[in-house]
Amino acid sequence: MFTATCIAPVNMALVKYWGKRNEELILPINDSVSMTLDANEMCAKTTISASESFKQNRMWLNGEVVPFEENARLMRCVEGIHRLALANGAHKFPLSWKVHIASYNNFPTAAGLASSAAGYACLVYTLARLYDLPMNEELTTIARQGSGSACRSLYGGFVHWQRGLSADGSDSIAVQLAPAEHWPNMHMLILVVNDARKKTGSTKGMQLGVQTSALIQHRAKEVVPQRVKDLMAAIDARDFESFAEITMKESNQLHAICLDTYPPCVYMNDVSHAIANFVHDYNETVGSVQAAYTFDAGPNACLYVLAENVPRLLAAIQLAFPNDASQSVEYLKGIPVPPVEVKNGLRDVSIGHVNAKNMLKYIIHTKIGEGPKQLSDEKSLLIDGYPLTK
């Protein structure tokens, strides 16, 4: 038996991926740019074992059996890795051996927090380690066929997923723009509004958008190319104000496209809008742009903030969105934040900027992170090819 165990991080899009020109190959209609998050707070963990004794391919996700051969995206990833292994010629065991896969997410699945990106990136990376394949751009084309944004989670730091022009998708690849150490004090506060499975999945939402939105093609052809260029310049210069403006405008436009879809796809809710309003008010109150929001296909807010500004921003969030569990480890997760007192953190706090209690479920504090990595054998999720009980 041969086994590999790896973890892969979540990534959050700055310039958004929304819409495909080829559903089967998952080819996007526009470029996208993302930031990879630290795997210590949010990651997928996958163990894959291959054995001559296994009678069939099997997979478990978060302890539950999931279909294997019937899952077209999963099979495309496995077959893509097999093609690379065959071309590489260095695999340690026959490709005919069946595999058992166990995968866990340490954060909510299908709630708009990029669980599929981390999951498929981890699947492809772990398969690559099992078959002794090097990390290269070809792996990103395979991960893309599992979940589009998974190609971005194969690198750390800031990542550019290039749309490509080829019909076969060979040039639709992810490349690293800058490693995590380029902007090491870039942090994120994730405000979880709802961690339940979303009503309309991203795949369906994108399909409807491409079919019905009058704005989506204008965005892809005219807006995104300039924003990618501007964002890359902001990242290179570590210009947070420009970075923040582009990021928030991109988030707003994604959800405008979703509302322009027929029937509309509504991912943000009243709490989401309250958070967006809070960020703009906060920046105005402190006299500079210190926070930027982005929302993927879900109601949860991801706030970009530099490390030195995290304590004050978190204190202001606690004032604006009070919670009975505000000091508990179940509510404030991730990197610890030293407490600070904010006397004037919110403008006119007494006349409408304090929201009802318990509107947020919890908060995760994380930061920019590295790409996937392989773990030692004792970290395996499988024993004798079957999942460990949790």
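Residues are numbered from 1 along each chain as its sequence is written, and side-chain values use heavy atoms, with hydrogens and water left out. Because the model is predicted, local features need pLDDT of at least 70 and side-chain atom pairs count only at pLDDT 80 or more, while totals for chains, interfaces and linings use all residues.

Helices (H or I, at least four residues) and strands (E, at least two) are DSSP runs numbered from the N terminus. Helix 2 covers residues 115–130 and has 16 residues. From its first C-alpha to its last, helix 2 reaches 22 Å, close to the 22 Å expected at 1.5 Å a residue; the expected span is 1.5 Å times one less than the number of residues. Asp132, which follows helix 2, has a positive phi, near 60°.

Two strands pair if DSSP finds at least two bridges between them. An open sheet of 6 strands has the order 8-7-9-6-1-17, with mixed pairing. Its edge strands are strand 8 (64–66) and strand 17 (373–374), each of which pairs on one side only. Within this order, strand 1 (residues 2–9) and strand 6 (residues 43–51) run antiparallel and are joined by 8 bridges. Ala4 stands opposite Ile48 in strand 6.

Strand 14 (residues 301–306) has 6 of its 6 residues buried, so it is largely enclosed by the rest of the structure. In a regular strand the side chains alternate between the two faces of the sheet. In strand 14, Ala301, Leu303 and Val305 lie on one side and Cys302, Tyr304 and Leu306 on the other, and both faces are covered. Strand 14 runs antiparallel to strand 12 (residues 186–192), with 6 bridges between them, and Leu191 stands opposite Ala301. Strand 13 (residues 292–294) is also antiparallel to strand 14, through 3 bridges, with Ala292 opposite Tyr304. A hairpin of 6 residues joins strand 13 to strand 14.

A disulfide is a covalent bond between the sulfur atoms of two cysteines. It is counted here when a pair of cysteine sulfur atoms lies within 2.5 Å, and the count comes to 0 disulfides. The closest cysteine sulfur to that of Cys6 is in Cys122, at 6.1 Å, which is too far for a bond. Cys6 counts as buried because its relative accessibility is 0%. For Cys302, the closest cysteine sulfur is in Cys258, at 15 Å, also too far for a bond. Cys302 is buried, with a relative accessible area of 2%.

On a 1 Å grid over the protein atoms alone, a pocket is an open set of points with protein on both sides within 12 Å along at least five of seven lines, and lining residues have an atom within 4 Å of a point. The second largest pocket holds about 380 Å³ of space, a volume being the space filled by probe spheres set on the points, which are joined across faces, edges and corners. Its lining has 19 residues, of which Leu314, Gln318, Gln327, Leu332 and Val337 lie nearest the centre. Helix 8 (310–320), strand 15 (332–334) and strand 16 (362–367) are the elements that give two or more residues to this lining. Helix 8 gives the most, with 4 residues.

Key: Buried < 20%, exposed > 50% of the residue type's maximum accessible area, 1.4 Å probe, protein only. 1 Å grid on protein atoms, 1.4 Å probe; cavity = no way out; pocket = protein on both sides within 12 Å on 5 of 7 lines; lining within 4 Å.
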